[in-house]
Amino acid sequence: TVTYLLCFVYAAETFDRKYIGTSMAAFDSILDLSLFLGPLIAISVYNSTGQITPIFIIAMLPAAFALFATAIWLPGKLKPTVRGEYNDSPPNQKR
């Protein structure tokens, strides 16, 4: 439950305030659709293969994509540094 609620908090902080209503509605619709389709896909994969391992691999793919997308598209000043601090200096300046 905490993960479900925290994703809305993070989404609300991420979306543009001008389009917060539309963004949250689209986010909630996609989340609801995934909560509906996820178990159906898992059951169909299990019925066709008889193994649980492919289900875990399929479940891991969205998380891997999100990690890759975050590393590519997150602006440089919002990326945490190695020590966990945020880089707020201009890219050509040393700290």
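Biologist: Which residues line the largest pocket?

Modeller: In this predicted model, the lining is made of Leu31, Ser34, Leu35, Gly38, Pro39, Ile41, Ala42, Ile55, Ile58, Ala59 and Pro62. The volume of that pocket comes to about 330 Å³.

Biologist: What makes these residues part of the lining?

Modeller: A lining residue has an atom within 4 Å of a point of the pocket, and Leu31 and Pro62 are among the residues that line this one.

Biologist: Which helices supply at least two residues of that lining?

Modeller: Those are α2 (20–49) and α3 (53–73). The largest share is from α2, with seven residues.

Biologist: How do you know how the lining divides into nonpolar, polar and charged?

Modeller: You go by residue type: Leu, Ile, Ala and Pro count as nonpolar, while Gly is put with the polar ones. That gives nine nonpolar residues, two polar and no charged in the largest pocket.

Biologist: And what about the second largest pocket, what lines it?

Modeller: Ala66, Leu67, Ala69 and Thr70 do, around a volume of about 210 Å³.

Biologist: Take Ile57, then. Why is Ile57 called partly exposed?

Modeller: Its relative accessible area is 48%. Buried would need under 20% and exposed over 50%, so Ile57, at 48%, lands in between and is called partly exposed. This residue lies in helix α3.

Biologist: Let's finish with charges. How many salt bridges does the structure hold?

Modeller: One. The side chains that meet in it belong to Arg17 and Glu13.

Biologist: What makes that pair a salt bridge?

Modeller: The cut-off is a side-chain nitrogen of Lys or Arg within 4 Å of a carboxyl oxygen of Asp or Glu. For Arg17 and Glu13 the N to O distance is 3.9 Å, so the pair qualifies. In general, side chains of opposite charge can pair when their charged atoms come close.

Biologist: Are Arg17 and Glu13 buried or exposed?

Modeller: Arg17 is exposed and Glu13 is too, so each has over 50% relative accessible area.

Conventions
Residues are numbered from 1 along each chain as its sequence is written. This is a predicted model: local features need pLDDT of at least 70, side-chain atom pairs count only at pLDDT 80 or more; totals for chains, interfaces and linings use all residues. Side-chain values use heavy atoms; hydrogens and water are left out. On a 1 Å grid over the protein atoms alone, a cavity is a set of points where a 1.4 Å probe fits but cannot get out, and a pocket is an open set with protein on both sides within 12 Å along at least five of seven lines; lining residues have an atom within 4 Å of a point. Grid points are joined across faces, edges and corners, and a volume is the space filled by probe spheres set on the points. Helices (H or I, at least four residues) and strands (E, at least two) are DSSP runs, numbered from the N terminus. Buried means under 20% relative accessible area, exposed over 50%, partly exposed in between (1.4 Å probe, protein chains only).
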